[in-house]
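Biologist: I would like a close look at one part of this model, followed by a careful account of what surrounds the other residues that can be described. Please take the points one after another.

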Amino acid sequence: RRKLHLKLQDRSLFRPVDLARAVKKVRKTAIKQNQPLWVKPPTIRPDGERTGMDDVGRRRMIAEGISRSLLQADKAIDDEAVLTALRAWGFYPNSIRRNVIPKGQTYVLSDTLGMIRSRDQRGPVISALSRQYPFFTQLLTAWFAARRPQQLDEAFPITSISVNSCYAAARHRDKNN
């Protein structure tokens, strides 16, 4: 610590810089090739391309923000509002749902919100997506509750929601249903 204090006393280290140069936006970041393994690469690559995984998280945050604002507006949740949030939602490729993957494909774009069965057999748990994006989940359940078929009574429980995109699921019955 003493060496650090001595080093910081050297005023030549603290030369003022031109203000225009200090606030200038940098367009590209150089990636050093000899960095240790624990150094994470930038989220936006220097060539300007975004990776697909970064885009999914960004889209989900946008859908969550849209959902929050729709729920806080204290208005009825209409089809157009839900469609706006659903169009903003991003999907990671899901290869776990083998029973719905169409022939010739290796994955589907599908997420499950709400209560799910834990993989370690502890019983039902709230999905990580519902914990991470609670307003998106609440928006979908509020929309369903407002459009509940008359055949279902008011106490009909909604335990989970599968949100699918860009595929027609193969005919199936989920296990344990």
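Biologist: Where is P157 found, and between which two elements does that place lie?

Modeller: Please keep in mind throughout that this is a predicted model. P157 is found in a loop, namely the one that runs between α6 (134-146) and β4 (160-165). Its relative accessibility is 55%, and because exposed means over 50%, P157 counts as exposed.

S130, to turn to another residue, is found in helix α5, which covers residues 128-132. With a relative accessible area of 8%, S130 is buried, because the cut-off for that term is under 20%. When its neighbours within four places in sequence are left aside, S130 is in contact with L113, G114 and T137.

The aromatic residues come next. Two aromatic pairs are found when the whole structure is searched. In one of them, the ring centres of W89 and Y133 lie 5.2 Å apart while the ring planes stand at 85°, so this pair is edge-to-face. W89 lies in the loop between α4 (79-88) and β1 (93-94), whereas Y133 lies in the loop between α5 and α6, so the pair ties together parts of the chain that are 44 residues apart in sequence. Both partners are buried: W89 has a relative accessible area of 2%, and Y133 has one of 4%.

W89 also forms an aromatic pair with F136, and here the rings are stacked, with 4.2 Å from centre to centre and 0° between the planes. This pair, too, links distant parts of the chain, since W89 sits in the loop between α4 and β1 while F136 belongs to helix α6, 47 residues apart. F136 has a relative accessibility of 0% and therefore counts as buried. Taken together, W89, Y133 and F136 form one aromatic cluster.

Definitions and conventions
Residues are numbered from 1 along each chain as its sequence is written. This is a predicted model: local features need pLDDT of at least 70, side-chain atom pairs count only at pLDDT 80 or more; totals for chains, interfaces and linings use all residues. Side-chain values use heavy atoms; hydrogens and water are left out. Helices (H or I, at least four residues) and strands (E, at least two) are DSSP runs, numbered from the N terminus. Buried means under 20% relative accessible area, exposed over 50%, partly exposed in between (1.4 Å probe, protein chains only). Contact means heavy atoms within 4.5 Å. Rings of Phe, Tyr and Trp (its six-membered ring) pair if their centres lie within 6.5 Å; planes under 30 degrees apart count as stacked, over 60 as edge-to-face and the rest as tilted.
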